[in-house]
Amino acid sequence: MDLFKIISDIEKVDPEIYERLDSRRRVFKHFGMAGKAVTAAVLPGLVSGLFQRAYGQTSTLPADIVAVLNLALSLEYLEYYFYDSGLKATNLIPSADRPAFEKIRNDESGHIKVLRGALGSAAIPDPTRAAFDYSGGRGTMTGPFAAALVNDYALFLGSSQAFVDTGVRAYKGGAPVLMPNKDLLEAALNIHSVEARHSSHVRTVRRGLAASQSGQGATSIAGDLNNLGGKTGRPKSWISGTDGGGPSPSTTPSTAPVYGPGNPATGAPTAIFYPAESNTTQAGVDIVANTTGVTLTTAAASEAFDEPLDPATVKSIARNFVVATSTLFT
Amino acid sequence: MSKLHDSGVTDQVPNALVQPIERRSFLRYTGAGMALSGLFLAGCDDDDDNNNSGNLIDVGSGDNGVLNYAYALEQLEAAFYAQVKTGTYYTGLAASTSEKQIFDDLALHEKAHADFFKTALSTNAIKALEPDFSSINFNDRSSVLNAAKQFEDLGVAAYNGAGRYIQTAAYLVIAGKIVSVEARHAALIRDLIGYNTFVDSDVVDLFSPTSATSAPGDGNGTGLERSMKPSDVLAKANGFLKEGSKLSANNLK
């Protein structure tokens, strides 16, 4: 590879390249300083950083990609301030579980950094903590989930599960829009799987809490499909059916839409649609009938596949947790 | 990364770049940061073409290639959990324990995934692979959990890294539906091994805030899962496959 030749070739197209790169001396310093340490692993970062500084990028992002990334960014803010508020509340999160929620909060902060970096000046501004009402009261702070950030750890976990599962479905629904930009797509996929890891852990902790166990003990409690109702239910670490409408199926707002269908809910095998999490047909294949050699229940068939959610449905869920005057999720 | 390499423009800038083009078009090349780096790396990554693929099963190219790649990994996972259920670690678990239920679920999910890909690929599917699990002690909890962790983490990194090669949106969504379930598996297995390790620095580029009072986004790291290229994934996966069942993915691009 001859990097200098490439830069000199670019110079033929764009005589101002060295100006854009600050100065010729500085360009070569960028690569000179690393010397032998430049490897295939670090090179993309160096090179892309260089060219990002030189040319920027945000003005070239299509509107549909900006919309998907800003929705993702809004959801990350929603999650970040939720976990951060939970960690700041006195005696809410048991000490054995604090490291996990610190990791989750920090991951969301990293996702915010990545999304802002991709969006540049098109990124929505930080809505700040004041934009959110995690009680579900749209600004009254007296909605059904008010105690989640005060003294009700079970409710905190239930809200966490609903937020993170909404996030997983939202990223899955947004991915096709990012397909023209492979690097943004990969970054989004790399966020998506981390959100799923978060969901798995939150569900594990919830399951343990039902038996008053935390720490490693929380992993030793089996998920119980017959005990999914209410905030003290015992979810599996994966979504089973519609999980009984989630942690709080009978409140207003309800968590049921988190696991319900989006729009459109049905479609041809090769179409993109948004069935409820209880879906057991994938690309036209009936998963129960198709799986051989084992007895696959409909529950297991639904657990084996998560489902995407469309932006409008994601917004309708998330909007319950911002103050009425906020423009988030509109 | 090998796409440009294979088309014979290894050490040069592609013609499109050196010919006078409008600034607007050029900006597209700089894209969202990384688009150009593929060109640069193409020049230094010779490994893909040096594989002697004489006795390797190639997963193919295009969407079928990605689906076969996924099918291969799901076959491996399904075979692994089927064998877990025959070992004395699993058979010694009481019926009511969570670990028994967890491994029952994992075995079902992975079998459902493998059989789904086989049906979806139909006549394009690669053959049934013969696993080699001789390095795993199925009678030992730690050996089984650590192997499960490897398979689940590898699956997540593989799907994330292969997403860019998928051409049909509906297949991307299908892959997305499966990868998040694999991530759920990986997180739980990790929590069984060490509580609160559901995300850890070996699989996620963990984020550290600059200070305890940092605003969101202010710190080091990204919170992104570390995805893997097919060649790196298969270097690991082939360690669990018999001769004649080892894989290559040189045509995934």
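**The two chains**

Of the 253 residues of chain B, 57% are buried (under 20% relative accessible area; exposed is over 50% and partly exposed lies in between, using a 1.4 Å probe and protein chains only). This is a predicted model, in which local features need pLDDT of at least 70, side-chain atom pairs count only at pLDDT 80 or more, and totals for chains, interfaces and linings use all residues. Residues are numbered from 1 along each chain as its sequence is written, chains are lettered from A and ligands numbered from 1 in the order in which they are written, and side-chain values use heavy atoms, with hydrogens and water left out.

- In chain B, 71% of the contacts (heavy atoms within 4.5 Å) between residues at least 6 apart in sequence join residues at least 24 apart.
- Chain A has 330 residues, and 60% of them are buried.
- Chain A contains 12 helices and two strands, and along its sequence the pattern reads α-α-α-α-α-α-α-α-α-β-β-α-α-α.
- For chain A, 66% of the contacts between residues at least 6 apart in sequence join residues at least 24 apart.

**The largest nonpolar core**

- A nonpolar core is a set of buried Ala, Val, Leu, Ile, Met, Phe, Trp, Tyr and Cys residues joined through side-chain atoms within 4.5 Å.
- The largest such core has 144 residues, and the members that touch the most others are Phe101(A), Phe156(A), Phe80(B) and Phe103(B).
- Helix α5 of chain A (residues 63-88) gives the most to this core, with 15 residues.
- Leaving out residues up to four places away in sequence, Phe103(B) touches Tyr81(B), Val84(B), Tyr89(B), Tyr90(B), Val144(B), Leu145(B) and Ile189(B).

**Helices that pack together**

- Two packed helices are described by the angle between their axes and the distance between the axes.
- In chain A, α5 packs with helix α12 (residues 311-318) at an angle of about 25 degrees, with the axes 12 Å apart (axes are lines fitted to C-alpha atoms, for helices over the stretch in contact, and angles run from 0 to 180 degrees between N-to-C directions).
- α5(A) and α12(A) are therefore roughly parallel (under 35 degrees; over 145 is roughly antiparallel, 65 to 115 roughly perpendicular and the rest oblique).
- Where α5(A) and α12(A) meet, Leu71(A), Leu75(A) and Leu78(A) touch Pro311(A), Val314(A), Lys315(A) and Ala318(A).
- In chain B, helix α6 (residues 62-84) and helix α10 (residues 169-193) pack at about 20 degrees, with axes 12 Å apart.
- α6(B) and α10(B) are likewise roughly parallel, and their crossing is left-handed.
- Asp63(B), Leu67(B), Glu74(B) and Glu77(B) in α6(B) meet Tyr171(B), Ile178(B) and Glu182(B) in α10(B).

**Two buried helix residues**

- Glu99(B) belongs to helix α8 (residues 98-121) of chain B and is buried, at 14% relative accessible area.
- Beyond its neighbours within four places in sequence, Glu99(B) contacts Tyr89(B), Leu93(B), Arg141(B) and Leu192(B).
- With Tyr89(B), the side chain of Glu99(B) makes a polar contact of 2.5 Å (a pair of N or O atoms within 3.5 Å; within protein, one must be able to donate a hydrogen and the other to accept it, and residues adjacent in sequence count only if both atoms are side-chain atoms).
- Leu192(B) is 93 residues away from Glu99(B) along the chain, yet their C-alpha atoms are separated by 8.7 Å.
- Thr166(A) sits in helix α7 (residues 153-174) of chain A and is buried, with a relative accessible area of 4%.
- Not counting residues up to four places away in sequence, Thr166(A) touches Val258(A), Val314(A) and Ile317(A).

**Backbone details in the loops**

- Most residues other than glycine have a negative phi, and most peptide bonds are trans.
- A cis peptide bond, with omega about 0 degrees, joins Thr252(A) and Pro253(A); Pro253(A) lies in the loop between α8 (182-210) and α9 (256-259) of chain A.
- The bond from Asn263(A) to Pro264(A) is cis, with omega near 0 degrees.
- Met141(A), which is not a glycine, has a positive phi of about 60 degrees and is partly exposed at 45% relative accessibility.
- Asn196(B) has a positive phi near 75 degrees and is buried at 8% relative accessibility.

Terms used. Helix = DSSP H or I, 4+ residues; strand = E, 2+ residues; numbered from the N terminus. Left-handed = near helix turned anticlockwise from the far one by under 90°.
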